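Reader: Please pick one part of this model and take me through it closely, with its partners and the rings around it. I like cut-offs stated as we go.

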Amino acid sequence: MVEAEDDGDEEIEYGREYVHTADDALAEARKLIAPMSDSDVWPDWQSGVPRVLRRMVWTPKIYLGKVRHDHRKVQATVRYSWVKPCLLSELRDNYGLLPSSRYSSEWYGVYRVFVPGISIGRFCGLDPTGTIYIGRAGSKRGWSILRTRLMQLAKREHHVTQAWDYYTARHQKYPWSSLAVDWAYIQHWVDQKGDEVIGAPRAESWLLESYNDCFGEYPPMNEKG
């Protein structure tokens, strides 16, 4: 077991809205991304939720001692091993389905709230995955892990589900009992300095960017109105 420690991650604390605008999410995702190449894997969401995303990225310019390392292209890959989806009502009644809080391998990842079996109209087509929100969890603080984020959803304490019943159209079209969630554990990666970097932020921003590239907008609950 790895002890939780502060890593300076600026995740939003409980009770505060955690949303993405087009400007901040695209800026984060494209900081170091090189132009698309033939070797990239950037699948169309019309074929389902991505399991692998691969892009050429630029390493930042750094100094190690007296040696300067300029930008260079490297290939970065994120693999998403999605778990079996659960209805939020199932999680509420059985916390045993949630990721463990004991093992650090289950602290970090991304999660997707969706409506099973439903295609949702988007600006540039229909989303057959029914995705309404993409989020992430995992800093090295013990409180910001997948288990606690998913528990928030199940208990309606997450901003996505907190006031679901108060929005008439939302509740009638997609009752809370129809909402499901799946998640994927994300491994850390090692940067050019040899430091371990938490992989969840990149995994989340690439999912959001690929979704936006496909449908011309973010999932409905990731958009800030």
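Author: Happy to! Buried means under 20% relative accessible area, exposed means over 50%, and partly exposed is in between, with a 1.4 Å probe and protein chains only. This is a predicted model, so local features need pLDDT of at least 70 and side-chain atom pairs count only at pLDDT 80 or more, while totals for chains, interfaces and linings use all residues. Residues are numbered from 1 along each chain as its sequence is written, and side-chain values use heavy atoms, with hydrogens and water left out.

The chain has five helices and 13 strands (DSSP runs numbered from the N terminus: helices are H or I with at least four residues, strands are E with at least two). E11 covers residues 180-185, and five of its six residues are buried, which makes the strand mostly covered. For the chain as a whole, 46% of the 225 residues count as buried.

Strand E7, residues 109-114, runs antiparallel to E11 and is joined to it by six bridges. Within that pairing, tyrosine 111 has tryptophan 183 of E11 as its bridge partner. Strand E5, residues 81-82, is also antiparallel to E11, with two bridges; here serine 81 stands opposite tyrosine 185. Strand E6, residues 86-87, pairs with E11 in the antiparallel sense too, again over two bridges, and leucine 87 faces alanine 180 there.

H3 spans residues 146-154, and seven of its nine residues are buried: Leu146, Arg149, Leu150, Met151, Gln152, Leu153 and Ala154. After H3 comes arginine 156, which has a positive phi, near 60°. The charged end of arginine 156 sits over the ring of tryptophan 176, 4.1 Å from the ring centre (a charge sits over a ring if NZ of Lys or CZ of Arg is within 6 Å of the ring centre and within 35 degrees of the ring normal).

The structure holds six aromatic pairs. One of them joins tyrosine 80 and tryptophan 82, stacked at 5.8 Å centre to centre with 10° between the planes (rings of Phe, Tyr and Trp, the last by its six-membered ring, pair if their centres lie within 6.5 Å; planes under 30 degrees apart count as stacked, over 60 as edge-to-face and the rest as tilted). Tyrosine 80 counts as buried because its relative accessibility is 2%; tryptophan 82, at 12%, counts as buried as well.

Tyrosine 111 and tyrosine 133 have ring centres 6.2 Å apart and planes at 40°, so this pair is tilted. Since tyrosine 111 belongs to E7 and tyrosine 133 to E10, the pair ties together parts that are 22 residues apart in sequence. Both tyrosines are buried.

To step back to the whole chain: among contacts (heavy atoms within 4.5 Å) between residues at least 6 apart in sequence, 68% join residues at least 24 apart.

Conventions:
Pairing = 2+ DSSP bridges.
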